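Subject: Structure handover

Hi,

Here is the structure I promised to pass on. Please open it alongside this note, and then read on for what turned up.

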Amino acid sequence: MTETPDPLTLLSDRLAALTERASAGIVGVRGGGRRPISGIHWRPGIVVTAEEALERDEGIEIVAADGTRRAATLAGRDPSTDIAVLRFQPDDLPVAALGDAASLRTGHFVLTVGRHERGALAASGIVALAGGAWHSARGGAIDHLVRLDLRLAPAAEGGALVDTKGQVLGMAVTGPRRRALAIPRSTIDRVVDQLLAKGHIARGYLGAGLRPVAQPAGVLAISLDSDGPAAKAGLLVGDIITAWNGKPVGRVREVMHLLPPDSVGSTVELGLIRGGAPAKLSLTIRERPGK
Amino acid sequence: MPSFAVFAVESARRGALEAVARREGTLIDGAGDRDALRRLLERRLIDIVLAAGIDAETLASLTVRHPATRFILLAEDSEALDLVLAGGAAVLPREAGAAAIASAVVAMGSGLRLIPDLALDRLRALAGVQPVATEDEMPVLTPREHEVLAAMADGASNKVIARRLGISFHTAKFHIASILAKLDADTRTEALARAARMGLVML
């Protein structure tokens with residue numbers, strides 16, 4: 001007589017197997033500070049990790065599942081999407097099995113898998129909110145909003161978001177108000193390509209300190225970088241920017257979102273209120289000056 | 001010593017202003033009506049006119065004709081903006097005393113203009129600007145914190161900030177922690193987003 005398997009035990013074993021399989025491509029990242037974080041072996045010799053949590057730029061080590069350590073160098077950081085990319089000499093270390101986060105829906109069951117110095121570090125929950133493209137607080141364009149209904153251990157930051165097929169759909173990070181969220185795979189792919197090619201992500205720059213004003217709705221220039229494009233084009237402190245290429249702007253955040261990497265070099269037509277009267281100004285966005 | 005002319009219709013008032021003018025410079029003469037003031041300005045070189053109760057239209061005709069002469073006006077707040085636009089160098093409250101007039105003389109000497117608060121509000125309204133509610137108090141950052149914030153805005157890591165400002169790694173972290181606390185932020189990203197909204201970092 002065969003015994004009917006207990007569904008709870010089945011589920012439990014399945015989760016453990018998923019975690020173990022996914023964790024092969026997850027590394028620990030020792031990047032300074034007291035706490036190690038996690039990273040995903042994204043492509044051979046390329047690891048992605050959480051930018052904000054990675055303190056150091058040099059002397060970084062990755063720790064594999066078998067405890068072996070490898071020296072890694074920083075290929076670049078993108079604070080706007082919370083992605084840092086590391087390079088190491090590729091060897092037989094397994095690469096994570098990647099899947100597409102676009103299929104995620106609110107309510108889907110997911111795991112996060114990081115690497116603690118004592119082994120894989122897992123958490124489970126559901127997708128609290130699966131939404132469309134959004135902009136981070138620093139203006140980074142992120143393809144899908146994936147907010148997670150779980151608590152992310154600090155050591156698991158930079159680890160993987162894993163679905164029930166064991167595919168890595170993105171990177172688990174701590175977002176605003178300490179909420180766990182995931183940066184989707186397609187966004188990571190894009191940022192990895194740019195960081196590997198250029199070492200940094202270009203950001204558009206106006207060279208103006210802005211504050212919102214209510215009436216007329218717009219953003220008021222309260223300071224100017226004398227070498228910045230805004231000052232060079234003739235923007236004055238006290239000017240209120242009310243429109244950007246004909247579309248109204250009323251919040252500083254909107255202006256941030258209008259300065260993505262591909263805005264560099266483009267010319268924008270600003271609608272202004274200067275001394276109470278409408279005016280126009282055209283300026284060419286420059287790349288944010290270096291570090 | 002600047003040369004003064006005084007204008008006031010009432011003689012008691014004129015006398016009081018003449019006393020102030022004598023203290024601040026050389027009083028050339030006082031005038032009790034507009035024509036007397038006009039004649040005085042044609043005849044003599046006057047640096048400063050101290051005038052109570054002059055209307056904007058009269059003032060405009062005088063400032064056009066005598067661009068080198070500066071006018072200190074004692075007037076109602078409601079007239080202040082019109083008087084400034086008519087070329088007045090300083091507008092003081094009607095009841096301004098000797099001390100206020102003396103400070104106006106000093107300010108004008110430095111090339112400054114003086115307008116009362118109420119006129120500023122009207123100026124804002126005229127420019128169509130309404131000040132945004134200042135509920136999010138601007139945090140007061142130290143000059144060093146401003147530099148660290150600017151470096152953070154450029155995407156610099158702690159290490160790079162330390163190197164750029166010539167401070168130790170730990171000092172950089174200390175400044176960042178202080179900035180986060182002042183901006184009531186949990187993370188650098190949150191701090192930068194708030195700072196940008198307050199105009200503390202350039203976009």
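A:Asp82 sits in the loop between β5 (69–78) and β6 (83–87) of chain A. Keep in mind that this is a predicted model. The phi of A:Asp82 is near 60°, a positive value in a residue other than glycine. Most residues other than glycine have a negative phi. Is A:Asp82 buried or exposed? A:Asp82 counts as buried because its relative accessible area is 11%, and the cut-off for buried is under 20%.

A:Asn245 also has a positive phi, near 50°, and is likewise not a glycine. A:Asn245 is placed in the loop between β18 (240–244) and β19 (247–248) of chain A. Its relative accessibility is 46%, so A:Asn245 counts as partly exposed.

One more loop residue in chain A is on my list. A:Pro260 is found between α4 (252–257) and β20 (267–274) of chain A. With a relative accessible area of 24%, A:Pro260 is partly exposed. Which residues does A:Pro260 touch, leaving out those up to four places away in sequence? They are A:Arg203 and A:Gly204. The C-alpha atoms of A:Pro260 and A:Glu287 are separated by 9.8 Å. Along the chain, A:Pro260 and A:Glu287 are 27 residues apart.

Chain A as a whole

Chain A has 4 helices and 22 strands. Of its 291 residues, 49% are buried. Chain A exposes about 13200 Å². Carbon and sulfur atoms supply 53% of that area. Now take the contacts in chain A with a separation of 6 or more: residues 24 or more positions apart account for 57% of them.

The barrel in chain A

Six strands of chain A form a closed barrel, in the order β7-β8-β11-β14-β13-β12. The pairing is antiparallel. From one strand to the next, the twist averages 40°. One pair in chain A is β11 (residues 145–148) with β14 (residues 180–184), antiparallel over 2 bridges. What is the bridge partner of A:Val146 in β14(A)? It is A:Ala182.

Helix α1 (residues 7–23) of chain A lies across β7 (109–116), β8 (119–131) and β12 (160–162) of chain A. Helix α1 of chain A runs at about 50° to β7(A). Helix α2 (residues 185–198) of chain A lies across β13 (168–174) and β14 of chain A. Its angle to β14(A) is about 60°.

The sheet in chain B

Chain B has an open sheet of 5 strands, in the order β2-β1-β3-β4-β5. The pairing here is parallel. Which strands are at the edges? They are β2 (26–31) and β5 (90–93) of chain B, and each pairs on one side only. Neighbouring strands of this sheet are turned by 20° against each other on average, direction ignored.

Look next at β3(B). Strand β1 (residues 3–7) of chain B pairs with β3(B) in the parallel sense over 4 bridges. Within that, B:Phe7 has B:Ala51 of β3(B) as its bridge partner. Strand β3 (residues 48–52) of chain B also pairs with strand β4 (residues 70–75) of chain B, parallel over 5 bridges. B:Ile48 has B:Arg70 of β4(B) as its bridge partner. B:Leu50 stands opposite B:Ile72 in β4(B).

How many residues of β3(B) are buried? The count is 5 of 5. In a regular strand the side chains alternate between the two faces of the sheet. In β3(B), B:Ile48, B:Leu50 and B:Ala52 point one way. B:Val49 and B:Ala51 point the other way.

Helices in chain B

Helix α8 (residues 158–165) of chain B has these buried residues: B:Asn158, B:Val160, B:Ile161, B:Ala162 and B:Leu165. Their cover includes α7 (143–153), α9 (169–182) and α10 (188–197) of chain B. After α8(B) comes B:Gly166, with a positive phi near 65°.

Last, the surface. B:Ile115, B:Leu120 and B:Leu123 form a nonpolar patch there. Together they have about 200 Å² of accessible area. B:Leu120 lies in helix α6 (residues 117–127) of chain B. Its relative accessible area is 34%, so B:Leu120 is partly exposed.

Best wishes

How values were computed: Residues are numbered from 1 along each chain as its sequence is written. Chains are lettered from A and ligands numbered from 1 in the order in which they are written. This is a predicted model: local features need pLDDT of at least 70, side-chain atom pairs count only at pLDDT 80 or more; totals for chains, interfaces and linings use all residues. Side-chain values use heavy atoms; hydrogens and water are left out. Patches are made of residues with over 30% relative accessible area and no salt bridge: like charges are joined within 9 Å, nonpolar side chains (Val, Leu, Ile, Met, Phe, Trp, Tyr) within 5 Å. Accessible areas come from the Shrake-Rupley method with a 1.4 Å probe; for residues, only the protein chains shown count as cover. A salt bridge is a side-chain nitrogen of Lys or Arg within 4 Å of a carboxyl oxygen of Asp or Glu. Buried means under 20% relative accessible area, exposed over 50%, partly exposed in between (1.4 Å probe, protein chains only). Two strands pair if DSSP finds at least two bridges between them. Axes are lines fitted to C-alpha atoms, for helices over the stretch in contact, and angles run from 0 to 180 degrees between N-to-C directions. Contact means heavy atoms within 4.5 Å.
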